[in-house]
Amino acid sequence: MQNARDALTPDSLSMLQVIADTGSFAAAARQLGLVPSALTYRVRQIEDALDVLLFNRSARQARPTEAGTELLREGARLLADVDAVANRVRRVATGWEPQLTIAVDGVVSPTTMLELVEAFYALQPPTRLKLRDDILNGTLEALTSGHADLAIGVAVPAGNIAGLQQAPLGDVLFHFVVAPHHPLASAPEPLTDAMLREHRVIAVADSAQRGGVTMGILGGQDVLTVDTMQAKVRAQLRGLGGGFLPESMVRPYIDAGRLVARQVARPGRSVRVHYAWGGPGFSSPGRALQWWLTQLQSATTRSALLENHHHF
C-alpha cells in the first residue's frame, strides 16, 4: 500500500479537484481521458493510503466528504505553492534574491518607504520583501546578525565590521518638544538639565537584543519607554512626558499647536544617519538589493526618507 506522501502527488491532487468540479467519476474520467475503472482505482488507492473516505458515492454523484473537502482545500494551496516555487526558481536563476529583508529605523518616513516598495513591486520581481521596524542599535544589529540585508536609518557608529558597507542618508535634527499643557511648555528657557530631570521623559526602546543604547535620558529621571517613534509622538501629544523627536516628524504638530518646541541648555542634537548593507560573508548584491541601493543614491529619495513625515 502507498504511504500518504506517495499518494498525495500534484497529479493526484489535480485529479481529485476535477472529480469535485465535475461532480461525478464518469464525467471526470472523460475529462481526464481515463476509463472510469482506472479513475476509481486511483481514488481508492489515495483513500487507502490516507485511511479516509474522500467522496460519497451515493446515487450517480461524487460529493466530497468533510475529509475530502479539507484535502481539496489544502491541495489547492499546495498546488499553488508548487507553481509559485517553480516560478521563483526560474526567476532566481536570473539573479534575483528569493527574499530581501530591510531593517527600517524609526526616524525613517514610513510613507516614503511604502512608495519605494510600490516602485519595486512595479518591476514584478520574484523577490519577497520583508520590512522590519528597528530602533538605534537594533537597526544595525539586524544587519550584522544576518536578520536583514539592508538597514536604512542607522544612527549609531557601525565600527569595523568585515564586509559592511555604508553611505550617509542625511542629518536628523532633534527638537525637545512637549504638549502645550505640559509644565515645561511654560517654564523659562533654556530648560536646564535640573529642570528636565524633574519631569518624565518618553524614550523609545532600543530594538537590539544585546547592548542597547538610550538617548536623551538623565540619571534619576522618570522614564516611560515605548516601542516605536509613532508611540513616542502619541505619548508626548498626550502630555505624558517630554523628549527629543526629529524636527521633520514633529513639524506638523508644532504648526498645528499640538506640540511646543523648547530650547534646552544642553547642545542642540543633530544626528547623522546612514544606510548600510553587507556584513560577514557578504559577496555581491543580488538584483533586488542593487535596485534599492540605486534608489538610495538619489539625493531626493534620501531627503524624502528623512523628511516626509507629514502624513498623520
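Predicted model: local features only at pLDDT ≥ 70, side-chain atom pairs only at ≥ 80, totals over all residues.
**Exercise 1.** Determine which bridges join β11 to strands β5 and β6.

*Solution.* Consider β5 (residues 150–154) to begin with: four bridges pair this strand with β11 in the antiparallel sense. Within this pairing, Tyr 275 of β11 stands opposite Ile 152. Turn next to β6 (residues 164–178), which also runs antiparallel to β11 and is joined to β11 by 10 bridges. Here Pro 168 has His 274 of β11 as its bridge partner.

**Exercise 2.** Describe the largest nonpolar core and the surroundings of Ile 102.

*Solution.* The core comprises 55 residues, and Ile 102, Leu 150, Ile 152, Leu 169 and Trp 292 have the most contacts inside it. Strand β6 supplies the largest share, seven residues. Now examine Ile 102: beyond its neighbours within four places in sequence, its contacts include Leu 150, Ile 152 and Trp 292. A second, separate core has 18 residues, among them Leu 16 and Val 43.

**Exercise 3.** Characterise the largest pocket.

*Solution.* Its volume is about 280 Å³. The lining consists of 18 residues, and those closest to the centre are Val 104, Asp 105, Gly 106, Asp 133 and Gln 230. Elements giving two or more residues to this lining are β3, α6, β4 and α9. Sorted by class, the lining has nine nonpolar, four polar and five charged residues.

Definitions and conventions. Residues numbered from 1 in each chain as written. Heavy atoms only, no water. 1 Å grid on protein atoms, 1.4 Å probe; cavity = no way out; pocket = protein on both sides within 12 Å on 5 of 7 lines; lining within 4 Å. Points joined across faces, edges and corners; volume = space filled by probe spheres on them. Nonpolar A, V, L, I, M, F, W, Y, C, P; charged D, E, K, R; others polar. Pairing = 2+ DSSP bridges. Core = buried A, V, L, I, M, F, W, Y, C linked by side-chain atoms within 4.5 Å. Buried < 20%, exposed > 50% of the residue type's maximum accessible area, 1.4 Å probe, protein only. Contact = heavy atoms within 4.5 Å.
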